[in-house]
Amino acid sequence: MSSFVSRYRDGARAALAVAATVWFFGASFGLVARAAGMGVLAPLFHGRLPRRLLESQLIVDESWALASRGGGRFDRRILLGAGLLLYVSWVSGTAVGVLAGDALGDPKDLGLDGAFPALFLALLAPQLRAPRAAMAAAVGAVIAFALIPVTPAGTPIIAASAACLLGLRRRP
């Protein structure tokens, strides 16, 4: 086997543990998307398969939350507009971080270590209007905080997410 092919296999092996975590996040997203009324690439996306696949790449947490209209409804134009701007922002921000990172200083000094948690809390808040959703979030938070000191990084959020999804799926 050529070293060219073996390097690809080495990369796949190196990412195996991360891929398992990503798979669980993907499954969680799929469950939430289905519960919100989205099917395979959802009726939200129109046109031929390549167009739908391209547009679906703009679904990120932020564009999903901004486009949500409740009751499983989403505004396609808001989803795509927000997703496109967020993509450009991510790529350009990454480039600035790589190219000018030393000039920017330590992310902790800028308060950026709290940016991701603050972002997700801001996205979560509007989704907690229903009592069941608020209860699922509270139970998830308790589970995550209880597991933080005794489990590896990443495990508390996966366990809390799974518990939230199970709680939301149960019929009252």
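Tyrosine 87 is exposed, its relative accessible area being 52%, where exposed stands for over 50% relative accessible area, buried for under 20% and partly exposed for what lies in between (1.4 Å probe, protein chains only). The model is a predicted one, in which local features need pLDDT of at least 70 and side-chain atom pairs count only at pLDDT 80 or more, while totals for chains, interfaces and linings use all residues. Residues are numbered from 1 along each chain as its sequence is written, and side-chain values rest on heavy atoms, with hydrogens and water left out.

**Overall fold**

The protein has 8 helices and 0 strands, helices (H or I, at least four residues) and strands (E, at least two) being DSSP runs numbered from the N terminus. Its C-alpha atoms fill a box of roughly 55 × 50 × 40 Å along the principal axes. Of the 172 residues, 19% are buried, and the accessible surface (Shrake-Rupley method, 1.4 Å probe; for residues, only the protein chains shown count as cover) comes to about 12,500 Å², with 69% of it belonging to carbon and sulfur atoms.

Tyrosine 87 lies in helix H5, which spans residues 76–104. Leucine 58 belongs to the largest nonpolar core, a group of 9 residues that also includes Trp64, Phe74, Leu79 and Leu80; such a core is a set of buried Ala, Val, Leu, Ile, Met, Phe, Trp, Tyr and Cys residues joined through side-chain atoms within 4.5 Å. Beyond its neighbours within four places in sequence, leucine 58 is in contact (heavy atoms within 4.5 Å) with Ser63, Leu79, Leu80, Gly83, Leu84 and Tyr87.

Tyr87 is also part of a nonpolar surface patch with Leu84, Val88, Trp90, Val91, Phe116 and Phe120, which together have about 760 Å² of accessible area. Two or more residues of the nonpolar patch come from each of H5 and helix H6 (115–124), and H5 gives the largest share, 5 residues.

**Pairs separated along the chain**

Methionine 135, in helix H7 (residues 131–147), counts as exposed at 54% relative accessibility.

| Residue pair | Separation along the chain | C-alpha separation |
|---|---|---|
| Tyrosine 87 and leucine 58 | 29 residues | 7.3 Å |
| Methionine 135 and cysteine 164 | 29 residues | 8.6 Å |

How values were computed: Patch = residues over 30% accessible without salt bridge, like charges linked within 9 Å, V, L, I, M, F, W, Y side chains within 5 Å. Salt bridge = Lys/Arg side-chain N within 4 Å of Asp/Glu carboxyl O.
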